[in-house]
Amino acid sequence: MATTVTITNKGLRRTRTGHPWVFDNDLRANESTPTVPSIVTLLDLQNNLTGQGLYNPTSKIALRLLTKDETPITPDFFAQRTKAAVAYREDVVKGYEAFRVIHSESDGIPGLTVDKYGDYLVLQQHSAALEPFMGAILEVLQNHYQPKGILARNDSSVRELEGLPREVKVIVGSVPEEIPFKEGDMTLFAAPYTGQKTGAFLDQRENHVEAGRIAFGHCLDVFSYHGGFALQLAKHAEIVIAVDSSKPALVHIEKAAKVNGLTNVSLLQGDAFSLLRDFVKKGERFDTIVLDPPAFAKGRDQAEKAVSGYKEINLQALKLLHVGGRLVTASCSYHVSEATFYAMLQEAAADAERQVRVLEWRGQASCHPERLAMPETRYLKLAVLEVIDV
Ligand code: SAH
């Protein structure tokens with residue numbers, strides 16, 4: 001007999017919007033509800049089938065919907081979803097060596113992300129119930145990309161909530177400490193074992209290239225990590241100062257600058273907040289500034305504090321720009337909405353007494369597609385602004 005779990009009417013109202021998550025308090029166990037992570041059929045209070053999903057009784061997001069119908073959830077089901085994810089990238093990702101291949105719910109495979117860096121794949125798996133199907137998913141990826149190695153970068157704390165071990169493990173072939181990959185015409189380095197995310201910020205890949213296109217003069221790349229923005233800016237700039245608090249991050253920029261034959265990139269290690277204020281105090285001016293901070297709000301409760309952090313750095317950056325100067329400014333906090341980000345920028349510009357025009361609003365790269373019914377998948381906001389003299 002199929003394993004099942006019952007959804008409350010409140011939970012059902014949410015899944016009817018298309019949102020694929022059901023929280024534990026919207027589920028009721030019945031006699032066929034498993035006590036370990038499993039695939040389950042979701043029943044309404046009248047015992048009608050309303051879907052199937054990945055279930056974990058110990059997780060707050062206890063059920064992640066896979067389908068609303070009776071399609072058998074087999075290894076082949078996941079193989080087909082993987083093939084669709086791969087086919088989508090063939091279509092939308094042109095000319096990039098590194099991109100996200102599977103973006104969790106947006107590709108119908110909740111809990112799994114897979115990134116491709118040249119000849120290597122790096123994955124993060126956050127669903128215990130998905131574990132038995134990983135073989136089928138990997139087989140499709142191996143057949144298609146023929147990677148030299150696959151790394152499971154499974155060290156996130158989310159794994160503990162799922163009852164999964166935290167580990168970083170090569171599961172196919174071998175994977176080097178650093179993977180060079182081309183983005184636009186620049187070579188960057190991913191650090192798959194120790195770097196952030198799976199080793200680099202692929203969600204900004206199109207924005208890196210676009211920022212380079214509009215950059216000029218004296219540039220500042222704040223929160224630069226491995227230089228995704230700094231290197232692109234350097235192509236069009238006189239000089240670029242890359243700012244990050246992390247020494248290993250700056251070491252990667254230095255190496256990449258050399259590899260790309262760039263001699264106009266300098267590095268500054270320190271806290272962005274105080275460095276920006278110091279620049280203002282000293283009367284420094286720049287033509288192009290990039291602000292790409294980490295998510296200041298990790299939860300809803302931190303949103304307000306995050307906004308004051310965003311405002312502070314944007315305010316200082318706007319003071320630092322010449323008239324005609326450009327600010328590329330991002331927020332990857334899902335809990336800071338687009339409307340809030342917009343209002344924060346208006347306030348920062350008002351306080352800095354600068355008039356600003358918007359050249360472009362942008363979001364995350366196309367290999368990180370949004371799932372419309374799931375606002376959590378729309379998290380990256382980026383504005384390209386210009387200071388004007390009116
Ligand atoms: N712009 C990068 C990604 C930035 S991730 C890209 O597109 O690839 C955020 C970076 O901010 C990390 O490298 C982290 O080390 C750095 N960081 C975090 N807090 C900081 C602070 N207070 N001052 C300076 N850098 C900081």
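Helix 8 passes helix 9 in a left-handed crossing, a term for a near helix turned anticlockwise from the far one by less than a right angle, with clockwise giving right-handed. Helices here are DSSP runs (H or I) of at least four residues, numbered from the N terminus. The model is predicted: local features need pLDDT of at least 70 and side-chain atom pairs 80 or more, while totals for chains, interfaces and linings use all residues. Residues are numbered from 1 along each chain as its sequence is written, and side-chain values use heavy atoms, without hydrogens and water.

**Helix packing**

- The axes of helix 8 (residues 272-281) and helix 9 (residues 303-320) come within 9 Å and cross at roughly 30 degrees; axes are lines fitted to C-alpha atoms over the stretch in contact, with angles from 0 to 180 degrees between N-to-C directions.
- Helix 8 is therefore roughly parallel to helix 9 (an angle under 35 degrees).
- Helix 5 (residues 205-214) and helix 6 (residues 228-236) have axes that come within 7 Å and cross at roughly 25 degrees.
- This makes helix 5 roughly parallel to helix 6, and helix 5 passes helix 6 in a right-handed crossing.

**Ligand surroundings**

- The ligand is surrounded by 15 residues, the closest being His-208, Asp-244, Asp-271, Ala-272 and Asp-292; a residue counts if one of its heavy atoms lies within 4 Å.
- The shell divides into six nonpolar, six polar and three charged residues, where Asp, Glu, Lys and Arg count as charged.

**Ligand contacts and burial**

- A nitrogen atom of the ligand lies 2.8 Å from a backbone N or O atom of Ala-272.
- The protein buries 88% of the 580 Å² that the ligand exposes when taken alone (Shrake-Rupley method, 1.4 Å probe).

Definitions and conventions. A polar contact is a pair of N or O atoms within 3.5 Å; within protein, one must be able to donate a hydrogen and the other to accept it, and residues adjacent in sequence count only if both atoms are side-chain atoms. Helices (H or I, at least four residues) and strands (E, at least two) are DSSP runs, numbered from the N terminus. Angles under 35 degrees count as roughly parallel, over 145 as roughly antiparallel, 65 to 115 as roughly perpendicular and the rest as oblique.
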